[in-house]
Amino acid sequence: MSDFTEVCLVGDLPIDRARRFVVDGRPIAVVRTEEGVFAIDDRCSHADVALSDGEVEGCAIECWLHGSAFDLRTGVPLSLPATVPVAVYEVRLEGEGDAAAVLVGSASLPVH
Ligand code: FES
């Protein structure tokens, strides 16, 4: 069982944008979409740049440098040049609506 760290409230997250947080020393991009809130390593697997500076479309975030999109649910790259998945983390919401706390798990989820 992993530990969870509260990073913000749901209302602090603009829809279809990423915000960067540091959890246990790891940079993590937390993204709110119409499908929910997701947490993904804030480092592209192609080069060491922040994914949180990229565009969010649907359930994917696109690296701003060379354009690889990563599935926010699995971390799997959906387009080249990246070929290696990035870690994703379990997210729990505690509370209701915009006042709900966003908690990010400490263990990465397995890649599917
Ligand atoms: S650095 Fe992200 S796709 Fe190249």
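Residues are numbered from 1 along each chain as its sequence is written. Because the model is predicted, local features need pLDDT of at least 70, side-chain atom pairs count only at pLDDT 80 or more, and totals for chains, interfaces and linings use all residues.

The protein chain holds zero helices and nine strands. Helices (H or I, at least four residues) and strands (E, at least two) are DSSP runs, numbered from the N terminus. Along the sequence the pattern reads β-β-β-β-β-β-β-β-β.

The 112 residues would give a compact globule a radius of gyration near 13 Å, and the protein chain agrees, with 13 Å. This radius is taken over C-alpha atoms, and the globule rule is 2.2 Å times the number of residues to the power 0.38. The C-alpha trace spans about 40 × 30 × 25 Å along its principal axes. Buried residues make up 33% of the 112 residues. A residue is buried if 20 or more other C-beta atoms lie within 10 Å of its own, exposed if 12 or fewer, and partly exposed in between; C-beta atoms are placed from the backbone.

Strands of a sheet pair through backbone hydrogen bonds, either parallel or antiparallel. Here, two strands pair if DSSP finds at least two bridges between them. Strand S9 (residues 101–108) pairs with strand S1 (residues 4–9) in the antiparallel sense, over five bridges. Phe4 has Gly105 in S9 as its bridge partner. S9 also pairs with strand S8 (residues 88–94), again antiparallel and over five bridges. In this pairing Tyr89 stands opposite Ser108. S8 and S9 form a hairpin with six residues between them. Gly95, in the turn, has a positive phi of about 120°.

Three strands form an open antiparallel sheet in the order S5-S6-S7. Its edge strands are S5 (55–57) and S7 (69–71), each pairing on one side only. Neighbouring strands of this sheet are turned by 25° against each other on average, direction ignored. S5 and S6 (residues 60–62) pair over three bridges. Val56 stands opposite Ile61 in S6.

Phe21 lies in strand S2 (residues 17–23). Phe21 is partly exposed, with 18 other C-beta atoms within 10 Å. Not counting residues up to four places away in sequence, Phe21 touches Val7, Ile28 and Val30. Contact requires C-beta atoms, placed from the backbone, within 7 Å. The C-alpha atoms of Phe21 and Ser52 are separated by 9.6 Å, with the two residues 31 apart along the chain.

Notes. Contact = placed C-beta atoms within 7 Å. Axes fitted to C-alpha atoms, helices over the stretch in contact; angles between N-to-C directions.
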